[in-house]
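User: I should like to learn how to read a protein model. May we go through one together, feature by feature?

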Amino acid sequence: MNKEIKKRRIKLYIKITVLIVITLIGCYGIIKAPKSDKDILERELAENERALQQTNRPHEYTDAPTETVSPGSNSSETARPQTSADDDTDNNAPYNTSTPEAGTSEAGASKTDAPQGGSSLTPYPDRPADNKTEKDNNKKDKDKTDAPDKSGKDISVIGDSVFLGASPSFKELYQDAVIDAKVSRQVSQGLGIAKELDKNGSLGSTVIISLGTNGNFNESTGQELIDYLGPDRTIYWINAYGKKLAIQDDVNKTINKLADENDNVHVISWAKKAKKHSDWFYQDGIHLNKEGQKGFAKFVSGAINGEE
């Protein structure tokens, strides 16, 4: 009888010991687990957006005729485009780290659907095939000869939260660059932003597009933006990267195709560079920490100056 009691006690002690060990391991894991940086990122993006709004304010309406009606009027000729920088449809959240399923945008539109904004353009199937090697060489030469002014006064940026996060670092390199970047921005909104910048006299001869992280887009939507910017501007499109970004390959294929079909469009291969610097990112694997912001700005600068 005593032996049976002893066995039960031993089993009980073993169970208690195991439970204590498991509890200690769990507590250690909680203590050592990295604190979520979401709050830090949200605060940082909000501060950057306010700073850009303050910086860009002097550009508004400086070149507009005196009879121009201010934004918000009922005039159909001067009303701000629905897809302008102040479009609130995608700005309910401070930033977006979701990874939409391949083939769909955040707005739920299929990649093969008509682009947002009602564009009726199609992807130019009848264009003559050019010698790709010759075109690439011409682009490289153009990159070197058309390098933007060091002050950045001829540079305009249309971006989403990735560029928004890096905007202070880019401003350190190009203090006069005009940056219009917001969280969760879609490619379909790019045309409205370009029109707004153009109306305000802020659309430079060099345009950097940093869009595509937040959803797939039709080639025709991208082409419509490129057509508006025109062949006399040099356009650099930064491709998309995210550690778990499901749409990355599809988006970057579309960007590459647009660059192949337009001599003045050049791809900045951020996806290739970013793979080598996992320490540059916040935990979401998309947005950049302080070190990454500086690395991103330097990389983009090198690309537009023909150094990358």
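User: How many helices and strands are there in the protein?

Analyst: Helices (H or I, at least four residues) and strands (E, at least two) are DSSP runs, numbered from the N terminus. The protein has nine helices and five strands. This is a predicted model, in which local features need pLDDT of at least 70 and side-chain atom pairs count only at pLDDT 80 or more, while totals for chains, interfaces and linings use all residues. Residues are numbered from 1 along each chain as its sequence is written, and side-chain values use heavy atoms, with hydrogens and water left out.

User: What pLDDT does the protein average?

Analyst: pLDDT is the predictor's confidence in each residue, from 0 to 100. The average here is 77, and 68% of the residues score at least 70. Over residues 59-129, pLDDT stays under 50. Where pLDDT is low, the predicted coordinates should not be read in detail.

User: Are the residues of strand 1 buried or exposed?

Analyst: Buried means under 20% relative accessible area, exposed over 50%, and partly exposed in between (1.4 Å probe, protein chains only). In strand 1 (residues 155-159), five of the five residues are buried, so this strand is largely enclosed by the rest of the structure. I155, V157 and G159 point one way, whereas S156 and I158 point the other way.

User: Which strands pair with strand 1?

Analyst: Two strands pair if DSSP finds at least two bridges between them. Strand 3 (residues 206-210) runs parallel to strand 1 and is joined to it by five bridges, with V157 opposite I208. Strand 2 (residues 178-181) also pairs with strand 1 in the parallel sense, over four bridges; there, S156 stands opposite V178.

Methods
Contact means heavy atoms within 4.5 Å.
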